[in-house]
Amino acid sequence: QLSTMDSKKKGILERLNAGEVVVGDGGYVLQLERRGYVKAGHWTPEAAVEHPEAVLQLHREFLRAGADVMQTFTFYSSEDKLKISGNVTTITGSQINEAACDLARQVANEGGALVAGGVSQTPSYRNDNNESEIKAIFKKQMDDFLKKDIDFFIVEFFEHVEEAVWAVEVLKTSGKPVGATLCISPEGDKHRVPPGECAVRLVKAGADIVGVNCHLDPLTDIRTVKLMKEGLERAGLKAHLMVQPLGFHTPECNHSGYINLPEFPFALETRAMTRWDMHKYAREAYKAGIRYIGGCCGFEPYHIRAISEELSAERGFLPPASEKHGPWGAALEMHTKPWVRARARREYWENLLPASGRPTCPSMATPDADLTPWTISLEKKKKKKENARSVHREMSAY
């Protein structure tokens with residue numbers, strides 16, 4: 001059976017409480033940058049106003065691939081981020097937020113999907129860490145979304161759990177469900193707060209759904225979500241689990257993820273995951289108890305279709321895009337070449353070891369040093385302690 005979610009009246013928590021698998025959409029900023037609508041660097045989403053047709057098309061492709069949620073194209077649309085980016089001078093954050101909501105709602109209504117208003121980390125947190133000022137930024141964004149009556153909120157791409165907690169606290173005042181995903185590794189957030197503790201803080205702040213997005217590959221992000229789940233269980237807390245990882249292989253697994261890889265952001269194609277990688281990801285996420293499964297940067301519509309196809313038995317239907325796709329290469333059965341016909345089977349694609357076609361390239365890279373203000377501060381503290389110990393040893397020698 002080919003279908004999309006027709007339970008439009010059911011909210012995100014109703015679906016998750018019923019044990020349904022909710023398939024998220026994929027990455028917008030990276031895809032739209034490649035298509036010529038977003039400028040790399042600050043990655044701001046003014047295309048929602050400047051080129052709405054491009055955003056609509058990508059929404060439709062994700063919907064056709066089986067996404068149950070259309071996330072507003074509002075990544076980095078806070079006023080402080082827009083100001084420092086220099087990408088826009090005549091378009092406000094409110095204009096972007098409201099236009100993005102309209103686009104997401106238009107497409108969501110075409111297939112019974114939900115609309116999620118996305119709020120992301122702010123430059124102000126790194127600059128002055130003023131809680132009241134940062135919460136005011138989130139409040140302004142929340143008001144924009146509430147004008148458009150979005151279905152729920154997603155707090156996404158936060159490197160520091162403290163700032164994510166502030167966002168959750170603000171958005172919960174709306175009365176809408178709130179999901180919160182951090183872009184962290186199994187090591188924790190930028191202050192090394194462990195994933196389990198991060199999850200506890202988010203749920204205590206009011207998050208209904210917690211998890212991880214971006215920065216690292218699917219299986220690494222699943223590891224992090226498992227740690228979050230364990231932390232919640234130890235604390236006697238419950239929340240739905242969510243994962244929206246990169247569509248790239250990042251086996252080096254450094255703390256800051258793909259941003260520190262030498263290929264970021266303009267040569268990541270060699271790391272792209274195949275649709276068959278996504279089948280494995282979807283199954284592993286489901287086995288881990290995660291029921292909101294989507295993607296972030298690098299995820300294209302065919303990746304979302306792969307998730308939908310892998311979990312079609314659990315969901316009870318296939319997406320419309322599967323009309324043009326045979327399961328596990330079945331469409332190759334009629335190929336004129338016998339060696340290609342032989343690839344029309346699951347075993348072939350599951351066991352394939354793809355070649356890069358680049359004989360002089362290494363299989364792994366050396367990530368750049370994670371020289372964030374926090375790590376620089378940490379290194380200074382370590383040196384201070386080492387110096388103090390050295391002085392202590394010298395004094396003890398007398």
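C296 is buried in this predicted model, with a relative accessible area of 11%, where buried stands for under 20%, exposed for over 50% and partly exposed for the range in between, with a 1.4 Å probe and protein chains only. Residues are numbered from 1 along each chain as its sequence is written, and side-chain values use heavy atoms, with hydrogens and water left out. The model is predicted, and local features need pLDDT of at least 70, side-chain atom pairs count only at pLDDT 80 or more, and totals for chains, interfaces and linings use all residues.

C296 sits in the loop between β8 (292-293) and α13 (301-310); helices (H or I, at least four residues) and strands (E, at least two) are DSSP runs, numbered from the N terminus. With residues up to four places away in sequence not counted, C296 touches G26, G27, N213, C214, Q244 and P245, contact being heavy atoms within 4.5 Å. C297 lies in the loop between β8 and α13 and is buried at 8% relative accessibility. Beyond its neighbours within four places in sequence, C297 meets G27, V29, L30, C214, P245, L246, G247, F248 and Y258.

In an unreviewed entry, the annotation "binding site" covers C214, C296 and C297; positions follow the numbering used here, feature names are shortened, and annotations may be inferred rather than shown by experiment. These residues span 84 residues in sequence, yet no two of their C-alpha atoms are more than 6.4 Å apart, so they gather at one spot. C214, C296 and C297 are included in the lining of the largest cavity. The unreviewed UniProt entry also places "domain: Hcy-binding" at residues 10-311. Over residues 10-311, the chain is 47% helix and 12% strand, with the end C-alpha atoms 20 Å apart.

On a 1 Å grid over the protein atoms alone, a cavity is a set of points where a 1.4 Å probe fits but cannot get out, whereas a pocket is an open set with protein on both sides within 12 Å along at least five of seven lines; lining residues have an atom within 4 Å of a point. Grid points are joined across faces, edges and corners, and a volume is the space filled by probe spheres set on the points. The largest cavity has 17 lining residues, and Y28, Q71, F75, E156 and C296 lie nearest its centre. Its lining divides into eight nonpolar, seven polar and two charged residues, with Ala, Val, Leu, Ile, Met, Phe, Trp, Tyr, Cys and Pro counted as nonpolar, Asp, Glu, Lys and Arg as charged, and the others, Gly among them, as polar.

The largest pocket has a volume of about 1,100 Å³. Its lining comprises 36 residues, with H249, R271, A272, D277 and P354 closest to the centre. Helices α11 (218-235), α12 (275-287) and α16 (346-351) each supply at least two lining residues, and α12 gives the largest share, seven residues.
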